[in-house]
Amino acid sequence: MPTLNDIRSTFLDFFARHDHRIVPSSPLVPRNDPTLMFTNSGMVQFKNLFTGVERRDYTRAATSQKCVRAGGKHNDLDNVGYTARHHTFFEMLGNFSFGDYFKEQAIPYAWDLLTRDFELDRDRLLVTVYHTDDEAAAIWKKYAGLPDERIIRIASDDNFWSMGATGPCGPCTEIFYDHGEHIWGGPPGSAEEDGDRFIEIWNLVFMQNERFEDGTMRELDMQSIDTGMGLERIGALLQGKHDNYDTDLMRALIEASANLTDGEPDGSGNVHHRVIADHLRSSSFLIADGVMPGNEGRGYVLRRIMRRAMRHAHLLGAEDPVMHRLVGGLVGLMGQAFPELGRAQALIEETLKLEETRFRQTLARGLRLLDEEVAKLGDGQPLPGAAAFRLYDTFGFPLDLTQDALREEGRAVDVAGFEAAMAEQRAKARAARTGTGEAADAAIWFDITEAAGATDFLGYDTETAEGVVQAIVADGRAVDALTGAGSTAWVVFNQTPFYAEAGGQVADHGRCGHLKECSTMAGRAFGPVSATCRNAAAGSRRTG
């Protein structure tokens, strides 16, 4: 039986034989797409190659990209542990062409890898194509010999990929595996498509068009390929499993969790072990890539993930911190493919141990409060939002952790009430900060921080990065734009490589890499900011 490490190697070796550059996984914190909280697909690091902004010394590549989906648009956190295929951390196998080959080679590559190197039964494979993509359908029919009934035409966006509302886009073809009639479910496009009989294993995107604001499209001069195949999903298939958590790597982590707690990997605590195994991976890789637990932004998402796993360890009866004791096993399983994990092992262990020690001090009290509040409720009645907010405000229980705890007894949370309590607290804090003199001048920065969050500092890992403009401040007030030559302002970005002046360390200085009129960049005590650039916080960095 091939291990996940074997499958990753087989994939990369196949494309290396076909002249693809094997490119290391990029960090989980995107440097070139500030709209993303975390890297969530293989194409993220190649975005500027697809759009033509960047050129490299290769035109075809293959990767095994580490990905996290636990915040923002792509958020699988609530489902992790309860389903067969949801993860916060996963690997995305992908091959890419930047104006080199197109459908006539991408489809044969996929078919040959699956049926020859992975030895999948070709009679169990079927594909979908965009309903107008006659070219892809013809290639599948000619090269793979698929009959018309196993080439399903889909008219929805499920088979048409877009980078955004405008920009590169194109049809895609998805490859499915039929697990057999003994499992409920129908083929894609049918009323029973949500069943588990037909499982998507690979998506091939044909980036052939550019879409404009008026909805029109034209063919791109450089037509490209972007594919994605989840390692855990193809691994389950090749190992004869129907659950990603039964693969060799995840099973090893689940058994390690059981050995440190209740000793029963498949007993009543199975869901708890699955959560711990998944969250151990995402927490460890995020820390290795420079994210530390905090109260805002990426740090807050990491803390949510860590505390969710730690609560499940508590439910298993663990009396001492558990997570840090599992890191060595994870490094042994994945450290060869991702050496940054081994380099950061000591930091990961220390961070997990410290966070779990602190959280356990408040966890028992928080759970007692939760039990007291639930005891006041009738059958099926949701937990009031004010009570959920007290858990968050007093004990550091994120809302989703409270929801996860109540899910096990079939109870929900009044989310609207929680948000109302949060808004009320923010209003009180804003009123307390706003006074006269310096406090009044600083109020604008508190308002921006509340609305947009803190700026993420990337300078420990990179000297250039792109950022999204969160606010422009001129003459002590927020403005939409600057007018007149020589105007100056503070521009707040969501992320920047520039260090803010603090603790005796002077701010970094540099220049924007996008606009000629951009003036010197610097930092500010409340968070790194830059000068007048509406595109990106990018430039050279100097530490004073």
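Author: Start with contact: it means heavy atoms within 4.5 Å. Take Asn48 as the case. Leaving out residues up to four places away in sequence, Asn48 touches Asn32, Val53, Glu54 and Glu466.

Reader: What kind of model is this, and how are the residues numbered?

Author: This is a predicted model, in which local features need pLDDT of at least 70, side-chain atom pairs count only at pLDDT 80 or more, and totals for chains, interfaces and linings use all residues. Residues are numbered from 1 along each chain as its sequence is written, and side-chain values use heavy atoms, with hydrogens and water left out.

Reader: How many helices and strands are there in the protein?

Author: The terms come before the count. Helices (H or I, at least four residues) and strands (E, at least two) are DSSP runs, numbered from the N terminus. The protein has 15 helices and 17 strands. Asn48 sits in helix H2, residues 47-50.

Reader: Is Asn48 buried or exposed?

Author: Under 20% is buried, over 50% is exposed, and in between is partly exposed. Asn48 counts as buried because its relative accessibility is 12%. Of the protein's 544 residues, 53% count as buried.

Reader: Which residues does Cys169 contact, leaving aside its neighbours within four places in sequence?

Author: Cys169 belongs to strand E9, residues 167-178. Its relative accessible area is 1%, so Cys169 is buried. With neighbours within four places in sequence set aside, the contacts of Cys169 include Phe160, Trp161, Phe206, Met207 and Met217. Cys169 and Val205 are 36 residues apart in sequence, and their C-alpha atoms are 8.6 Å apart.

Reader: And where does Asp133 lie?

Author: Asp133 is in the loop between E6 and helix H4 (134-144). Asp133 is buried because its relative accessible area is 4%. Setting aside neighbours within four places, Asp133 is in contact with Lys103, Arg153, Pro171 and Phe206.

Reader: What share of contacts join residues at least 24 apart?

Author: Take contacts in the protein between residues at least 6 apart in sequence. Of these, 69% join residues at least 24 apart.

Reader: How are two packed helices described?

Author: By the angle between their axes and the distance between the axes. Axes are lines fitted to C-alpha atoms, for helices over the stretch in contact. Angles run from 0 to 180 degrees between N-to-C directions. Here, the axes of helix H7 (residues 270-288) and helix H9 (residues 327-334) come within 11 Å and cross at roughly 80°. That makes H7 roughly perpendicular to H9. The cut-offs are under 35 degrees for roughly parallel, over 145 for roughly antiparallel, 65 to 115 for roughly perpendicular, and oblique for the rest.

Reader: Which residues in H7 and H9 meet?

Author: From H7 come Leu280, Arg281, Ser284 and Phe285, and they meet Val327, Leu330 and Met334 in H9. By class, this contact of H7 with H9 has five nonpolar, one polar and one charged residues. Ala, Val, Leu, Ile, Met, Phe, Trp, Tyr, Cys and Pro count as nonpolar, Asp, Glu, Lys and Arg as charged, and the others, Gly among them, as polar.

Reader: How is a pair of aromatic rings described?

Author: By the distance of the centres and the angle of the planes. Rings of Phe, Tyr and Trp (its six-membered ring) pair if their centres lie within 6.5 Å. Planes under 30 degrees apart count as stacked, over 60 as edge-to-face, and the rest as tilted. The whole structure holds 20 aromatic pairs. One of them is Phe46 with Phe96, a tilted pair at 4.8 Å centre to centre and 50° between the planes. This pair links distant parts of the chain: Phe46 is in the loop between strand E1 (21-22) and H2, while Phe96 is in strand E5 (residues 89-97). Phe46 and Phe96 are both buried. Their C-alpha atoms are 8.8 Å apart.

Reader: Which residues form one aromatic cluster?

Author: Phe11, Phe14, Phe15, Tyr101, Tyr109 and Trp202 do.

Reader: What lies over the face of Tyr82?

Author: A charge sits over a ring if NZ of Lys or CZ of Arg is within 6 Å of the ring centre and within 35 degrees of the ring normal. Arg407 lies over the face of Tyr82, at 4.0 Å from the ring centre.

Terms used. Buried < 20%, exposed > 50% of the residue type's maximum accessible area, 1.4 Å probe, protein only.
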